[in-house]
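Please read them with the structure open beside the text.

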Amino acid sequence: MLSTSVPSGNADGLSLIDDLLGTVETGDVNQRLRVLQRVTDMFVAGSRGYSSQQVALFDDVLQRLAADIEAKARAKLANRLCLVHNAPPKLIRSLAFDDEVDVATPVLVHSQQLSDADLVENATTKSQAHLYAIAQRLKLSEAVTDVLVERGNDRVVRKVARNAGARFSLAGYGKLTTRARHDRKLTLILGQRSDIPRHYFLKLLETASAEVRAKLEAANPQAAAAIRDTVDDVATAMQREAREESGEYSSAARTAERRFRRQAVTEANVHAPAHAQEFERTAVALAKLGNFSIDLVERALLDEGEDMILILARAADCSWSTVRELLLMYAAKRRLQPDDISRAFDRYKKLSQATARSVVSFHERRVKLRAQKYGSAEDTKTASPPTLAATEELAKISA
């Protein structure tokens, strides 16, 4: 028999629990269910006034009562308690890890008694149906969404991507963007998230079909119209749509733009954000420093090769220290090894500033000509970016 010291106002009710448990020890299943319902009613009715010690008593009692009941009754219990803010925590956790989805779903979706650690463990070990329930929670941390994105099937991933209360890490957004290459629905969902980092948004649009990009634009027509009025004349279609759909520049990029209008841009303005992995600030600073189009710089920062970075950095007269930070930015996922860095350094030393500037000038003129020829920036993205292998030839032509 259970006992506890309780305030006098609740003593009668908690004494009743002990009496009821006494009958359960010799009672049948139907009697157990009736007792479970009475104790649950008692807890829900007075939950706001119970101390932590009293809640712990209810937790013990309800766990014992719910131990051997059928799934339908456990599901009913889960629905009764999932919205109670101080519901018995051990019982809630037990229900969340129940193999029966109808039992686990209410608490996985609604209960605030589940910690991030509980949710991560659940998402790591339980079924896709459990993950789908977690994806519907009002708020989700990066730790939880990382697991959902890693383990979840298409249905789970689309659900969590659609959840406005879900927060994703950079690694999580990277995996979502990769999955979206083969999932048009996911592309549309991600494209409408306001918090997607710009470099992942650009990658998302790079592989999206014209139909999908049109739908993304239609989802935010006001931003699209405003961007068309101010877009750079050498912008590629992918980058135009990136601004249209996300309503960008981001606040970080706008802040950088304002600062650089007030003061001269130096190499330090490029080095610092590159070291801090700040994509937008780095792109704006390098574009201003070298007088490049922002689109060309963004493509260089996202390109998995090193050539574009080396050419732009040399044209802007950057030191190797800054070039190294640009190459190590994780936006392009280059994963350069020490030997790769050494080879890039040797290539950078051999590249003259005059040649690099000629290459950039030639490339941007070619992009403009293609845009004029086709009457749209859509076909300009087929213009190959400059590479060191073609540097001397391009320089001769541009001269």
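1. Arg-48 is exposed, at a relative accessible area of 78%, where exposed stands for over 50%, buried for under 20% and partly exposed for what lies in between, computed with a 1.4 Å probe on protein chains only. Arg-48 sits in the loop between helix H2 (29–46) and H3, helices being DSSP runs of H or I with at least four residues, numbered from the N terminus. The C-alpha atoms of Arg-48 and Ala-87 are separated by 9.9 Å, the two residues being 39 residues apart along the chain.

2. A word on the basis of these values: this is a predicted model, in which local features need pLDDT of at least 70 and side-chain atom pairs count only at pLDDT 80 or more, while totals for chains, interfaces and linings use all residues. Residues are numbered from 1 along each chain as its sequence is written, and side-chain values use heavy atoms, with hydrogens and water left out.

3. Which residues of helix H5 (residues 89–96) are buried? They are Leu-91, Ile-92, Leu-95 and Ala-96. Because they cover an arc of only 140 degrees around the axis, they lie on the same side of H5, the arc being that of the directions from the helix axis to the C-beta atoms. The buried residues of H5 pack against helix H3 (52–66), helix H4 (71–81), helix H6 (101–110), helix H7 (116–125) and helix H8 (128–134).

4. Leaving aside neighbours within four places in sequence, Ile-134 is in contact (heavy atoms within 4.5 Å) with Leu-108, Leu-119, Asn-122, Ala-123, Leu-140, Val-144 and Leu-148.

5. The axes of H7 and helix H9 (residues 142–151) come within 9 Å and cross at roughly 5 degrees, and the two helices are therefore roughly parallel to each other, a label for angles under 35 degrees. Residues making the contact include Leu-119 and Ala-123 of H7 and Val-144 and Leu-148 of H9.

6. Cys-82 is buried at 5% relative accessibility, and Cys-318 is buried with a relative accessible area of 3%. A search of the whole structure finds zero disulfides, that is, pairs of cysteine sulfur atoms within 2.5 Å.

Note on methods: Axes fitted to C-alpha atoms, helices over the stretch in contact; angles between N-to-C directions. Parallel < 35°, antiparallel > 145°, perpendicular 65-115°, else oblique.
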